[in-house]
Structure formats: C-alpha cells, structure tokens
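Here's a quick tour of one protein chain, written for someone new to reading structures. Have a look at the sequence and the model first, then work through the points below.

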Amino acid sequence: KGYPHLLAAAGMVLERLPDVRFVTVGQGPQEAAIHALHARMGLGDRVLLLGHRPDAVRLMAACDLFALASHNEGLPVAVMEALALGLPVVATAVGGLPELVEHGREGLLVPPHRPQELAEALVSILTDDARRRRMAEAAARRGSALSIDTAVQRTEATYRELARARSTSG
C-alpha cells in the first residue's frame, strides 16, 4: 500500500502544516517495519497507525480527505468508500484508481513512488477550502454512482431494455 511513501509525504506535509493529523488503518506483513519507520521519522501522534479497525469507515467519515500511496491496486474498496463519504482523494495513479478518481475533479492523482508529489497534492487540497469543498461534492456524486443501489438499478434497467427488445423482435 505504499506506507513508507505515505509516511514520507506525511512528514513533508507536517513540516508545512504542523496542525494536520494523519490517521491510518490496516495491517499486513510490513506492520512492524512501518511502525519502526514511523518511530525513526519522529511522527508521534501526528500520524496515527491504528492497525485493523472494524470501524474504519466511521473513522474516515471524520476526515477531511483520503490518501492512498499504493504501488499497485485494482479497484480499491477503501477509495470507493471515501468517495461515498464525499472525501476528496489523493492517490497514486495506478491500477483502477484513474477509473475511480478523475484528476482535478474528485481529487488528485500522482505518480507512484513520489512522496514529494503526494505531499504537494495533499497540501494543495488542505490549504484551499473552496477547492476541497468542490472536490468533496464531486466525490460524493461519484460515490453515489458507485453505490450498490445504483448498480442494481442500472442492471434492472438493462434487463428491462433487453426484455422489451426481445418481445418486439420476435
């Protein structure tokens, strides 16, 4: 998930915006190394590493934006959840992320392995309230389009259309 790059970016953001706080959730085989890196960087309670949390979505709902520094991804559910919550997304442009987030609309996409660019994107949203609000509104619209209810409605409409076409052609 690119945690070393996310921590590096967080450190850069905190140099410019010391009141910002980062909250991370998740666990994996690199957890001990990530905690050690966090300690070496002296991030303290400004970057919380909470591990696995069953209430991750509730925690995200209290945030101003969502960041993901992955090197590889498919279609990450966490990003879909962030969009549904109306959170602007700052993420790496890997895998299916460009399909979920339009750069400049619902958030910003940066190349992977570039914590400086990730930090700059985060700062640019965190320091521009109007931009963050516009992105949040666009994120909520995009998240709504990704909802299961919307997907079911689209599927039902497609089946109705196919059934109508079949009944008129035969």
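The protein chain has eight helices and five strands; helices (H or I, at least four residues) and strands (E, at least two) are DSSP runs, numbered from the N terminus. This is a predicted model, where local features need pLDDT of at least 70 and side-chain atom pairs count only at pLDDT 80 or more, while totals for chains, interfaces and linings use all residues. Residues are numbered from 1 along each chain as its sequence is written, and side-chain values use heavy atoms, with hydrogens and water left out.

**The whole chain**

- If you read along the sequence, the pattern goes α-β-α-β-α-β-α-β-α-β-α-α-α.
- Taken along the principal axes, the C-alpha atoms fill a box of roughly 70 × 40 × 30 Å.
- The chain has 170 residues, and 37% of them count as buried (buried means under 20% relative accessible area, exposed over 50%, partly exposed in between, with a 1.4 Å probe and protein chains only).
- Among contacts (heavy atoms within 4.5 Å) with a separation of 6 or more, 56% are between residues 24 or more positions apart.

**Strands side by side**

- Strand S4 (residues 89-92) runs parallel to S5, and four bridges join them; two strands pair if DSSP finds at least two bridges between them.
- In that pairing, Thr92 sits opposite Val110 in S5.
- S3 and S4 also pair in the parallel sense, over three bridges, and here Ala67 stands opposite Val90 in S4.
- In a regular strand, side chains alternate between the two faces of the sheet.
- S4 is covered on both faces, with Val89 and Ala91 buried on one side and Val90 and Thr92 buried on the other.
- S5 has Gly107 and Leu109 pointing one way and Leu108 and Val110 the other, all of them buried.

**The nonpolar cores**

- The largest nonpolar core has 27 residues, and Leu7, Val13, Phe22, Val47, Leu118 and Leu122 touch the most other members; such a core is a set of buried Ala, Val, Leu, Ile, Met, Phe, Trp, Tyr and Cys residues joined through side-chain atoms within 4.5 Å.
- Helix H1 (3-16), helix H2 (31-41), strand S2 (47-49), strand S5 (107-110) and helix H6 (115-126) are the elements that give two or more residues to this core.
- H1 gives the largest share of this core, seven residues.
- Besides its neighbours within four places in sequence, Val13 is in contact with Val20, Phe22, Ala119, Leu122, Val123 and Leu126.
- There's also a second, separate core of 15 residues, including Val89, Val94, Leu109 and Ala139.

**The largest pocket**

- About 840 Å³ of space lies in the largest pocket. A pocket is found on a 1 Å grid over the protein atoms alone, as an open set of points where a 1.4 Å probe fits, with protein on both sides within 12 Å along at least five of seven lines; lining residues have an atom within 4 Å of a point.
- Of its 33 lining residues, Val23, Thr24, Val25, Phe66 and Ala67 lie nearest its centre.
- By class, this lining has 22 nonpolar, five polar and six charged residues (Ala, Val, Leu, Ile, Met, Phe, Trp, Tyr, Cys and Pro count as nonpolar, Asp, Glu, Lys and Arg as charged, and the others, Gly among them, as polar).

Methods: Points joined across faces, edges and corners; volume = space filled by probe spheres on them.
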